[in-house]
Every structure is written in structure tokens, then in C-alpha cells.
Amino acid sequence: MCGIIGILGSNPAVPRMLESLKRLEYRGYDSAGVATLDGGKIDRRRAPGKLEALTSALAQDPLPGNVGIGHTRWATHGEPTEANAHPHATDKVAIVHNGIIENFKALKDSLLADGAVFEGETDTEVVARLLTRELNNGAAPREAFQATLAQLEGAFALCVMIAGEENLMFGAREGSPLVVGLGTGENYLGSDAMALAGLSNRLIYLEEGDWVELSRDDYQIFDRANQLVARPVSISQVAATMIDKGNHRHFMQKEIYEQPTVVAQTLGRYLDPNAGTVRLPGMPFDLADIPKVTLVACGTSFYAAQVARYWIEKIARVPVEVDIASEFRYRDPVYADGGLALFISQSGETMDTLAALRHAKEGGQHVASIVNVLGSTMARESDLVLPMHAGPEVGVASTKAFTCSLSVLASFTIALAEAKGQIDAEAVSGYVNELERAPALMAKILANDEEIEAIARDIATAQDILFVGRGIYFPIAMEGALKLKEISYIHAEGYAAGELKHGPIALIDEHVPVIGIAPNGGLSEKTVSNLQEIMARKGKVVLLSDMEGGVADDMYAQFKMPSAGDLITPILYALPVQLLSYYAAVEKGTDVDMPRNLAKSVTVE
Ligand code: M6R
């Protein structure tokens, strides 16, 4: 959360920083700010709210200077006011920060005792004033920065400018990502490759504890022990032009409709349809030896993990444990010898998932991750990376990353089942053929979007909506509820259909729409019985199913789905629940791509 950019350049910094901040806004949009150095002096502009407020402020009161730092904020300490917006500055330094300084109270008390005056309530302002104190005490910039870092506890990525130093910038990484971008006669710092797209494709990912001193022509990276270190330069594939809504009204809409393409792209990396086989990237361990799989993730990625549990247990017959990342390490999990811990994350930076990954690594597990951002910390710290190839996902509500994660997980399941001797080559080929059908069926569902749009507009006035499903569709129900609440602010819950009668059915009356997810076959009859129980209590049932002719006269609506095999139905049923949420949010007029209180990348605990 929070996006940071630093430019040590030879052209005006502000327009370039605004471009970067636009690409970083997915990390937080409570406030934005920039500071520049011009004639050795620091000046800044900050504005609460989205980036456009800062852009307007800068149009009225421009900020010259070729050196600058910028920030887009997801508030942790202090409300999203101008005073709490970054950069935090004194007459000597300006700082932007992503993360949380955990010992900020003790540091603040010591600064207050020294007579420091604070203008806001953020933990970051403490860092600006600490650094100023070191400089006031006569330390040179590098020593002052080192001494400041030594006092900080918590998670941070920092980018720092110092008054009078027009060819100097510092950055530090401890728990929150920071990337150095190398230019020609210019150098940069940013939260990720997206921040630096358009500035540089030659990137250096700092490691935990690293800090960096930049000039325009040079850089030096030091580790936590202040030893000079060499870190590899990687070439980013992220282009500035990739972050574009095209003809769509929202990024979320674009990303929903891209799914047939990106799922095909993802499956293309794992399946060989001609040979009828699955190929995973070079495996550092033998799948046949895996005694247990532990799946860990947050939010939508967690629901992908829950779907995968059904697949892996049913098809590969390997025991699976699934947990929410923020809970995982605190319950002191029992690891199986030689077990596989598999982490799912679009961003590859989610702090809770990353901490869980490190816990599993220390616990001796083989560590694999399914990520969308290839240069992400999770990808770099995993023994095995299974990329999802969804392309940049910008909308805060995750859509294509979900179906692409499922595509990877389905491919992984087949490979695991084959390695374990649970299925033969013919069965593998059958599953491969089935998966290959998914993109075309997804396109077919999206082509009928007016129907689901009409249903969404109808139910958008509801205060509460339930999603129900059984078995592998229970996680799809929970994903539907998450999607709906996060972008439309309608209260929604996902339940196992059979669980309703144990309490939640008390919520049902004629005002409560219930979305029933019930593909024909398997447990569908049982789900339909549960839907009948809801209708008997006047609940408005919307059925998502391939069943013919509806299941009851008093059903409120049905969205007809195509029939498909068991492996791909969860992927297909993700689409109508995404569309329902999207169109309900549009009907309500909420900010679909940047819903309130949220950020795309959650890099705090
Ligand atoms: O980047 P990750 O996949 O680790 O993110 C996990 C969740 O924060 C994310 O899926 C979140 O729940 C989405 N906003 C849901 O739409």
C-alpha cells in the first residue's frame, strides 16, 4: 500500500512523477503529494483524495525542479488530510514512505522532548524529523541516513531528498518493496516496475535491509550491515502503454472481458493440447514425493486456493490445508516433512502472504508461488514460480487474476495427480481438452452480459445479498460476495448452501436476493432444495446454472450458463458473479476501480 516514486533527473520531475503516480494509484488513493528540489530548496504540493486533486493543485501552483519524490497514500496513521499527506518535509529533508514505523511513538516522544514540532499524525513524519535531527547534529547526508535507519523498527520503503543536494537521493527497503531504475544520466526509485514503466526498464530489486545512495550517473547499494553489495539488474517487461482502459469505462470491466484471452494465454504456458500433456516449469523437487499441500493466500486469491483444495484432493488425492495468510503463521501450523507450501498472490507483495511464505520456508517446506507480477518479492523468494500471465491487473477488485490463478491451479492439479499415479495419460489428455474449452465458453458467457446486467440493476437496491453454493461452488459464492461488497458497498455474504438453515436463513425475507450457484449434476439437486427453502421464505432467488427450464416458478431470475466438465465450471461461474458485482456497482454509481478504503496491493499487516 502507498506508492512511491523518486526521480533524480535532468528534465522537470513533476509531469513525470504524475505519470508514475497515475500507475501507482492502485496502491492507495487517500491522498497524493510531490516534492521537488529546485535551487537546492525543497518545495512540495499535497492534496487529500485522488491524484486528480493533486494535479489540479499543481496546475494552479506549479512546482519546478528536476529532482523529485512523489507518493500516493493508503492511510495507516492519521486521517487522509493534507497535513498527513506525503512527502513529509522539513527545511532540510523530504521523505515518502510505504509501510509502518512500529516504534514511531517512542521516537516521536524523544523528538518532542528535543523540541520538534509535528504538523500531522503520521509515523512517517517521525522519520523526516529524525533525519533532520541527525543533519542538525552535523552528520553528513549518508551518515545521517544510516543513523536514521538504525533507529527504525517496522516495515518501510523510503525515498529521501536532502536540501542543497541536487545530485543525491536515498532509498531503503525493509519489509516493503523498493526498486531502483537505471537511466542515462538519470536514476530513479519506485515501488515497483509499474512505477518505473516509461522511465526505465533496467531495474534492480532491493533486498530486505538494503539501502541505496543514488546520483544521476551512479548508485551504491548497501546491505543491513552497511556493506556495499551487488544486486542483479533485471529487464522489466512492463510497458507504460499496458496500463490503459482501452474502450472500456473501467479497468475492472476491461479486465473482466479480457479473461478469455488471458486464460488462454495462461493455459498456453502450461498445456500442450496436441500432446494432451501438462508441462510445469523446471521443478526443483519431485511432485511424486509431496505428502501434503498447504495453500495460503488472502482475499480473492484465498478463494482460488479453496477451489484448488477440492481439485487437488479429488483428482490427485493429496491432503490439502488452506489458510488465510493473516492467520496462518500465528497458529503455529504443523508442517509435513517435505510438504509443499503454495502461495497465491496477484501482486506477489501482499505482506501477510509474504510473511506466511517466509514462515513456511523456515519450516522446511518446498515453497512455490502463483503470482502475476514476475519481479515481485514472492516470486523472488520462492523455490518454484508458476506465473499466471494475466497482464497488469489495475482494478482493485481482482477478476482476471482469479480465473488465471485457477487456470494455473488446475494445470498444477493435473500434473500432481499424474506424478502421484492417480491418473493415467488418457485421463490427463481428457482434462487438458476440457481446460482448452474454457476460453471459448468464457467468451460465450460474456456475450450474454445484457441479461446479467439487467439482473444486477434489479438487485442493486438491496441492502443485503447472499451467495450460496455447495462443494467447489462454495468458494465461488464467497468470491461473489467479496466482489459485490468491495465495489458496490452492498452487504453480501457467501455461504455453503447447506449451512443456511443453521442460522443465516433467519435473514431471508422478500427483500433479500440470494444468488444460487448450481451447475447441473453433482450436488445441484441438494443446492436446489436449499434454494426452495429460501423461496418458501420469500427470498428472491437468482439461479446461475445450466439446468434447463428453471427449477421453480417462483424463482426471481435465472442466468443460463453453458454446460461444461467439473474441472472448468468454477472458472466459468466466476464470470457471472463478477458481472453481477460490476453492474450493481455501476448502477449504484460507486467508484468501481478505486472503491473506498481499499488498495490493490496490501503491503501492511
Ligand atoms: O495481490 P494478492 O492476490 O495477494 O491480493 C490479495 C487480496 O488483497 C485481493 O485479492 C483482494 O481481496 C481483492 N481486492 C479482491 O477483489
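In what follows, Ala, Val, Leu, Ile, Met, Phe, Trp, Tyr, Cys and Pro count as nonpolar, Asp, Glu, Lys and Arg as charged, and the others, Gly among them, as polar. The model is predicted, so local features need pLDDT of at least 70 and side-chain atom pairs count only at pLDDT 80 or more, while totals for chains, interfaces and linings use all residues. Residues are numbered from 1 along each chain as its sequence is written, and side-chain values use heavy atoms, with hydrogens and water left out.

The shell around the ligand consists of 14 residues, where a residue is near a molecule if one of its heavy atoms lies within 4 Å of it. Ser-301, Ser-345, Ser-347, Thr-350 and Glu-486 are the closest. By class, the shell divides into four nonpolar, eight polar and two charged residues. Helices α9 (299-316) and α16 (473-488) each supply at least two of the shell residues; helices (H or I, at least four residues) and strands (E, at least two) are DSSP runs, numbered from the N terminus. Domain 2 (254-436) and domain 3 (444-588) each contribute at least three residues to the shell, with bounds from an automatic or database domain assignment.

Oxygen atoms of the ligand lie 2.4 Å from a side-chain N or O atom of Thr-350, 2.6 Å from one of Ser-345 and 2.7 Å from a backbone N or O atom of Gln-346. The protein covers 90% of the 410 Å² of accessible area that the ligand has on its own (Shrake-Rupley method, 1.4 Å probe).

In soluble globular proteins, nonpolar side chains tend to be buried together. The largest nonpolar core here has 101 residues; such a core is a set of buried Ala, Val, Leu, Ile, Met, Phe, Trp, Tyr and Cys residues joined through side-chain atoms within 4.5 Å. Buried means under 20% relative accessible area, exposed over 50%, and partly exposed in between (1.4 Å probe, protein chains only). Leu-295, Trp-311, Ile-312 and Leu-409 touch the most other members of the core. Helix α18 (residues 569-588) gives the most to this core, 13 residues, and domains 2 and 3 each provide at least three.

Most residues other than glycine have a negative phi, and most peptide bonds are trans. The peptide bond from His-86 to Pro-87 is cis, with omega near -5°, and Pro-87 sits in the loop between β4 (67-73) and β5 (88-89). Lys-538, in the loop between α17 (524-535) and β26 (540-545), has a positive phi near 70° and is exposed, with a relative accessible area of 56%.

How values were computed:
A polar contact is a pair of N or O atoms within 3.5 Å; within protein, one must be able to donate a hydrogen and the other to accept it, and residues adjacent in sequence count only if both atoms are side-chain atoms.
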